[in-house]
Amino acid sequence: AVRGPITHCNSLERARLVIELRSRTLRKSCRATAFTKLVLPTSVNIQKLFSKLANTVGVALPMAPSTASPGQVGKVAVEEGALRQRAGGRAQQGVTAKEVHGEEEEEDKSDLRGDYGNVFILLVLYTLQGLPMGLSAVLPMVLKERGVSFSDVGTFSLNSWPFSLKLFWAPLVDTWYIASIGRRKTWMVPCQMLIGVMMLGMSVFIDDMIYIDQPAILTLTSLFFVLYFLCATQDIAVDGWALTMLRPENVGWAATCNAAGQTIGYATGFTGYMVLEQMKVVTLASFMFLLGIVFIAVTILVALFKTETPVSPEDEPEDIVTSYRHMLSMMKLRPVQVLIVILATWKMAFPITDAIAPLKFQEYGVPKEHLAYMTSLFMPIYILVPLVAARWTAGKAPLDLAMSSYPIRVVVVALTAIVAYCTPNSMEPTPYAFYSVVMVVGAAGAVVSELIFVAQMAFFARVSDPALGGTYMTLLNTLGNLGGKWPPTVTFYLVDALTCKQPTCTVQADGFYVMAALCFVIGIVWYIIGAPAVRRMQQWKLEDWKVR
């Protein structure tokens, strides 16, 4: 897979050079833009992690072939020359080139000795992020039990938007800091303390906002919006801190901590609360009080006992104006503009399965605890699918996998509506056959959804301009997240607007099924028009995606 100036190397030497280049490039670009997540599918450290996981579960996972641009190949040549000079210089001292290569391979090999404590701290910090997210996922079900409309749930769904918009203040978090406190702790400590204080305060009057005749939707939305904003800001700071907290050869573990921590936190805030509440161990108020104490305690411990490495001159971030200028330059590129249209429209068909169907099941009598248990069973899918999908997303056209999965996901929309229509009138005795069908349809939707996501991330990694570090990748991620946020919010409102069950209605209709049919048609039309556009977009040269 390697061509150009390094083709004269033997296969082992060539592979080592490419791995070293990717590892060094990843570390440098992430230091330049520390708010970028380490989720690039082609990064070496992530591939090593996935390989280890694949071995554990018995999945064969080949390393992704190189997608190096001509400029990157040139960098490989420079690296190779430097290594040969180093080998030559040491040969005069009795050190062979083979020993030099062995030393370089040792540098890239992950060794967590001395970093176990740091990995644990990162895991805890990322877990804290997931707690408010899981709790905010509980609220729509609690509110639906109180009889609120789908429009009210749509209003509450706005609370999660900050994580999709954090790119717009990430340069500020990355650039401005108080040196005596630390570049990352300047933002992380205040954010976590504020989250803890808010949790304690909300625990006092949360019942008065929910368990009343008309729940205070706007107040709840505003409070959780602030919580999400603080979590997103903390996420930017922790992402950056991970790059200096861990040794360079272990920096790939930051992505592991991120994924595992947020998953654990979300599961604790969502399923954990559901289980404890059903067992009458906690109430919503007492659970929020407990989370507030946890946030404050962890923040105090980290602030007092975990020191932060001072920023070296070469790692000083670029100024804010330059960061925003880069983003504007990217937005002016024709390929990026086409991609924006695709990302903004291709999830219009899926709000029924992504957000509304669980609430419809609950409206029909399925206990919210049962829905939470079934949702938790899908967690392994989100872990294993990327491992299996990597072999199809490593080439020049990773979105081919997404386009192959898209029709299946559209069919799942129709199946979900049919299953909802067939919901039994009573949940006593437990309808295991019905639950089995829900699980099968839900699992199919989860698999194809994750395949599309993995393909999207692989495409972002392929076209991102390496000259701009991680800023390019972060911009594309933000655009992708926004494309998945607006359809559910709009659909919540449309479900209510299209529902008419009064005797005076000319045509009685349930807006859920009207929107399910509409989303199904939109999905078919989008695939007919959009799939060819996506395939044409993948044929553009990588140079077309670069900012000149």
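Biologist: What does Glu-145 count as at its relative accessibility?
Modeller: In this predicted model, residues are numbered from 1 along each chain as its sequence is written, and side-chain values use heavy atoms, with hydrogens and water left out. Local features need pLDDT of at least 70 and side-chain atom pairs count only at pLDDT 80 or more, whereas totals for chains, interfaces and linings use all residues. Buried means under 20% relative accessible area and exposed over 50%, with partly exposed in between (1.4 Å probe, protein chains only). Because its relative accessibility is 48%, Glu-145 counts as partly exposed.

Biologist: Which residue forms a salt bridge with Glu-145?
Modeller: A salt bridge needs a side-chain nitrogen of Lys or Arg within 4 Å of a carboxyl oxygen of Asp or Glu, and here the closest N and O atoms are 3.1 Å apart. The pair links distant parts of the chain, 223 residues apart, from helix α5 (residues 116-145) to helix α16 (residues 368-376); helices are DSSP runs of H or I, at least four residues, numbered from the N terminus. The partner in helix α16 is buried, with a relative accessible area of 4%, and is Lys-368.

Biologist: Which residues touch the most other members of the largest nonpolar core?
Modeller: Such a core is a set of buried Ala, Val, Leu, Ile, Met, Phe, Trp, Tyr and Cys residues joined through side-chain atoms within 4.5 Å. Among the 131 residues of the largest one, the two that touch the most other members are Trp-346 and Phe-361.

Biologist: Which helix gives the most to the nonpolar patch?
Modeller: Patches take residues with over 30% relative accessible area and no salt bridge, joining nonpolar side chains (Val, Leu, Ile, Met, Phe, Trp, Tyr) within 5 Å and like charges within 9 Å. This one covers about 350 Å² and is made by Trp-486, Val-490, Leu-494, Leu-498 and Val-514, with areas from the Shrake-Rupley method (1.4 Å probe; for residues, only the protein chains shown count as cover). Val-514 lies in helix α21 (residues 511-538) and is partly exposed at 33%. The most, three residues, comes from residues 471-497, helix α20.

Terms used: Helix = DSSP H or I, 4+ residues; strand = E, 2+ residues; numbered from the N terminus.
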